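Me: I'd like to walk through this model with you, one question at a time. Shall we begin with the term we will need for side chains that are covered?

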Amino acid sequence: MKNADPAGRTLAAAQRFPTPARAASALADRLTEVIDHGARRRDRASLLVPGGRTPVALFDTLCRRDLQWDRVHVSLTDERRVAADDPASNAAMVRAHLIQDRAAAAHFHPLYQGHTGDRGDEAACSAALGLLPRPFDAVVLGMGGDGHIASIFPDDPALPRALSTTTESRCVVTRAPDPPHDRLSLTLMTLLQSRWIALHINGAAKWATLEQAIATADPQRYPVYALLSQRRVPVHVYYSA
């Protein structure tokens with residue numbers, strides 16, 4: 001691994017924790033600082049969060065933190081194109097675990113408004129993001145076992161557009177290998193419109209995927225490599241075994 005590789009430096013500087021709870025608590029501490037700074041600096045702060053199971057402990061911790069939540073605007077890095085009350089909905093998970101307790105005062109902007117066709121859904125997603133102050137104060141991302149981030153998957157026909165460094169699209173319709181297949185994802189360029197980015201992962205298998213992604217250095221095979229190797233925004237890895 002070359003010392004000049006930003007991905008290698010990111011992984012070498014990763015924060016490792018003995019348990020998922022410790023990782024979630026440490027990440028909540030840092031997010032509290034970042035969000036508070038944003039709220040004080042411009043009276044509004046923005047936070048983008050992932051779906052899935054990994055961030056539940058983070059959300060359950062963060063929602064109790066003493067912040068000016070009424071100044072915080074929250075949205076997602078990606079969404080499943082399902083009804084808002086579907087158990088697979090990322091928005092439903094965020095409402096159940098993050099928009100609670102003190103964080104109930106936050107402004108939540110879901111990405112998916114109901115099926116209106118691919119272009120219509122992308123437009124609705126873009127409009128939702130337009131309600132958040134930018135650059136985003138913080139973006140938290142997870143990673144799948146195949147190296148996908150947000151809903152940017154390897155071997156997806158939408159991958160080149162999602163990872164394009166010149167696209168003006170904020171959102172892109174993608175297709176996951178597992179159900180629910182139909183997804184909406186922020187493009188990499190949109191995710192990078194942030195002051196601070198964290199990659200939050202648990203488990204030895206995902207750490208091995210990260211190492212393989214860096215060794216392979218192929219974002220088409222491991223989309224997470226496109227995130228780790230870019231030089232615009234440092235990526236802070238929070239990992240627990």
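Reply: Happy to! A residue counts as buried when its relative accessible area is under 20%. Keep in mind that this is a predicted model.

Me: Is Trp207 buried or exposed?
Reply: The cut-off for buried is under 20% relative accessible area. Trp207 has a relative accessible area of 9%, so Trp207 is buried.

Me: Nice. How many aromatic pairs are there, and is the pair of Trp207 and Tyr239 stacked, tilted or edge-to-face?
Reply: The count comes to three aromatic pairs. In the pair of Trp207 and Tyr239, the ring centres are 4.8 Å apart and the planes stand at 40 degrees. Planes under 30 degrees apart would be stacked and those over 60 edge-to-face, so this pair is tilted.

Me: How many residues apart in sequence are the parts that this pair ties together?
Reply: Trp207 belongs to helix H8 (residues 204–216), while Tyr239 sits in strand S10 (residues 235–240). Tyr239 is buried too, with a relative accessible area of 8%. The pair therefore ties together parts whose separation in sequence is 32 residues.

Me: Where do the buried residues of helix H4 lie around its axis?
Reply: In H4 (residues 90–97), the buried residues are Asn90, Ala91, Met93 and Val94. They span an arc of only 160 degrees around the axis, which means they lie on the same side of H4.

Me: And what does a side-chain oxygen of Ser89 reach at the start of H4?
Reply: The contact involves a backbone atom.

Me: Which residue of S8 is the bridge partner of Val173?
Reply: Strand S7 (residues 171–175) has four of its five residues buried. S7 and strand S8 (residues 182–186) run antiparallel, joined by five bridges, and they form a hairpin with six residues between them. Within that pairing, the partner of Val173 is Leu184.

Notes. Residues numbered from 1 in each chain as written. Predicted model: local features only at pLDDT ≥ 70, side-chain atom pairs only at ≥ 80, totals over all residues. Heavy atoms only, no water. Buried < 20%, exposed > 50% of the residue type's maximum accessible area, 1.4 Å probe, protein only. Helix = DSSP H or I, 4+ residues; strand = E, 2+ residues; numbered from the N terminus. Pairing = 2+ DSSP bridges. Phe/Tyr/Trp six-rings, centres within 6.5 Å; stacked < 30°, edge-to-face > 60°. Arc of directions from axis to C-beta. Polar contact = N/O pair within 3.5 Å; in protein donor to acceptor, adjacent residues only side chain to side chain.
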